[in-house]
Amino acid sequence: GARFGNARLAYELRQQGVSDDLVDAALAAGGDELARARQVWQRKFGGSNKALDASERGRQLRFLMSRGFSGETIRRVLRGDFEDD
């Protein structure tokens with residue numbers, strides 16, 4: 001589950017008939033969505049957001065969205081906002 005955001009994880013669990021309470025517990029146990037998003041992004045794109053042009057930024061945004069990360073998390077990753085380590 002480390003490669004996906006909370007929305008995707010919740011969807012997958014619900015598809016398998018997992019109750020909302022268990023989904024919430026699983027997401028809480030899964031740790032920090034921002035940290036997971038950053039790891040996925042760094043593996044895929046090399047972890048530099050210096051001077052991204054609009055099309056590359058859009059490509060990275062769509063990739064992270066496809067993994068189910070929240071808009072706020074994606075914005076923080078693409079902005080380089082990792083200070084809550």
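## Helix α3 and its buried residues

Helix α3 buries E33, L34, R36, A37, R38, V40, W41 and F45. These buried residues pack against three helices: α1 (6-15), α4 and α5. The model described here is predicted.

α3 has 13 residues. From its first C-alpha to its last it reaches 18 Å, close to the 18 Å expected at 1.5 Å a residue. An α-helix has 3.6 residues a turn, so residues three or four places apart point the same way.

## The chain as a whole

The chain has five helices and zero strands. Read along the sequence, its pattern is α-α-α-α-α.

Of its 85 residues, 32% count as buried. Now take the contacts between residues at least 6 apart in sequence. Of these, 63% join residues at least 24 apart.

## Helix α4

α4 covers residues 54-66, which makes 13 residues. The helix reaches 18 Å from first C-alpha to last, close to the 18 Å expected at 1.5 Å a residue.

Which residues of α4 are buried? They are G58, Q60, F63 and L64. What covers them includes α3 (33-45) and α5 (71-79). Just after α4 comes G68, which takes a positive phi of about 90°.

## Where α3 meets α4

α3 and α4 pack at an angle of about 130°. Their axes are 11 Å apart. Why are the two helices called oblique? An angle of about 130° lies between the 115 degrees that ends roughly perpendicular and the 145 above which helices count as roughly antiparallel. α3 and α4 are therefore oblique to each other. α3 passes α4 in a right-handed crossing.

The contact has two sides. From α3 come A37, V40, W41, K44 and F45. From α4 come E56, R59, Q60, F63 and L64. By type, the residues of this contact divide into six nonpolar, one polar and three charged. Several of the α3 residues here are also buried, including A37, V40, W41 and F45. On the α4 side, Q60, F63 and L64 are among the buried residues.

## Where α3 meets α5

α3 also packs against α5, at an angle of about 50° and with the axes 9 Å apart. That makes α3 oblique to α5. The crossing of this pair is right-handed.

On the α3 side, the residues are E33, L34, A37, R38 and W41. They meet T73, R76, V77 and L78 in α5. How do the residues of this contact divide by type? Five are nonpolar, one is polar and three are charged.

Look at A37 and W41 in α3. Both belong to the contact with α4, and both take part in the contact with α5. They are also among the buried residues of α3.

## A26 in helix α2

A26 is found in helix α2 (residues 20-29). Is A26 buried, exposed or partly exposed, and what accessibility decides that? Its relative accessibility is 36%, so A26 counts as partly exposed. The value falls between the 20% under which a residue is buried and the 50% over which a residue is exposed.

A26 can also be placed relative to L9. The two are 17 residues apart along the chain. Their C-alpha atoms are separated by 8.8 Å.

Note on methods. Residues numbered from 1 in each chain as written. Predicted model: local features only at pLDDT ≥ 70, side-chain atom pairs only at ≥ 80, totals over all residues. Heavy atoms only, no water. Helix = DSSP H or I, 4+ residues; strand = E, 2+ residues; numbered from the N terminus. Expected span 1.5 Å × (residues − 1). Buried < 20%, exposed > 50% of the residue type's maximum accessible area, 1.4 Å probe, protein only. Contact = heavy atoms within 4.5 Å. Axes fitted to C-alpha atoms, helices over the stretch in contact; angles between N-to-C directions. Parallel < 35°, antiparallel > 145°, perpendicular 65-115°, else oblique. Left-handed = near helix turned anticlockwise from the far one by under 90°. Nonpolar A, V, L, I, M, F, W, Y, C, P; charged D, E, K, R; others polar.
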